[in-house]
Amino acid sequence: KISGLMGDATGKKFRDYAQQYNLDILLEHANQQLAMLSQRYTLKRLDNSLSLAIIDHDMDGEIRSVASLSGGESFLTALALSLAIANMASGELKIEALCIDGGFGTLDASSLHIVMDALDRLQSQGRKVVLISHIAEMHERIPVQIQVQPLGAGARRIHIIGESHVESVILAT
């Protein structure tokens, strides 16, 4: 009976089952986050696998490959998964900071607004959110910024722009 549950000497069948179970829990959390970002999609695990698909509610519940998502849709989905992982942290491990580098350029104006609103909500909940982006529209909504300006020969000027002050530091490498 144990052999039937484990599958073989390596325990692959049991390991696969445990991974699918944990992925299902992750997807529950991710879908809660995704619902706040976009009502259009729900993530789904494909039967007997660790592969994901997306349910497109605007297309009458059609199940699509995640590879069919646009850049902005992929970004929103990845953000929802990242937030879900942070929410699943347990025990002594508490993830309070979220660093996001890139991907914002793939968002249209509406998606960018949705993402920025979601990140503002995270920050209001006490989470630290660090964004790395060159998108001008985002700069207007970020109250504290660290801007890096190359000076040549490996030197850079760093401007720290806060709500009440601006500081400048020059770094040479």
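Predicted model: local features only at pLDDT ≥ 70, side-chain atom pairs only at ≥ 80, totals over all residues.
Three strands make up an open sheet, and their order across it is 1-2-3, with antiparallel pairing. Strand 1, residues 41-45, and strand 3 are the edge strands, each of them pairing on one side only. From one strand to the next, the twist averages 35 degrees.

Now take the pairs in turn. Strand 1 and strand 2 run antiparallel and are joined by five bridges. Within this pair, L43 stands opposite I54 of strand 2. The two strands form a hairpin, with six residues between strand 1 and strand 2. In that turn, N48 has a positive phi of about 55 degrees.

The next pair is built from strand 2, residues 52-56, and strand 3, residues 62-65. These strands also run antiparallel, and four bridges join them. Two facing positions can be located here: A53 stands opposite S65 in strand 3, and I55 has I63 in strand 3 as its bridge partner. Strand 2 and strand 3 form a hairpin too, with five residues between them. The residue to look for in this turn is D60, which has a positive phi of about 60 degrees.

What packs on the sheet? Helix 2, residues 12-37, packs on it and touches strand 1 and strand 2. The direction of helix 2 makes about 180 degrees with that of strand 1. Helix 3, residues 71-88, packs on the sheet as well, touching strand 1, strand 2 and strand 3. Its direction makes about 65 degrees with the direction of strand 1.

Finally, return to strand 2. Why is strand 2 described as largely enclosed by the rest of the structure? A residue counts as buried when its relative accessible area is under 20%. Four of the five residues of strand 2 are buried, and therefore the strand is largely enclosed by the rest of the structure. In the sheet order 1-2-3, strand 2 stands between strand 1 and strand 3, and both helix 2 and helix 3 touch strand 2.

Methods
Residues numbered from 1 in each chain as written. Heavy atoms only, no water. Pairing = 2+ DSSP bridges. Axes fitted to C-alpha atoms, helices over the stretch in contact; angles between N-to-C directions. Contact = heavy atoms within 4.5 Å. Buried < 20%, exposed > 50% of the residue type's maximum accessible area, 1.4 Å probe, protein only.
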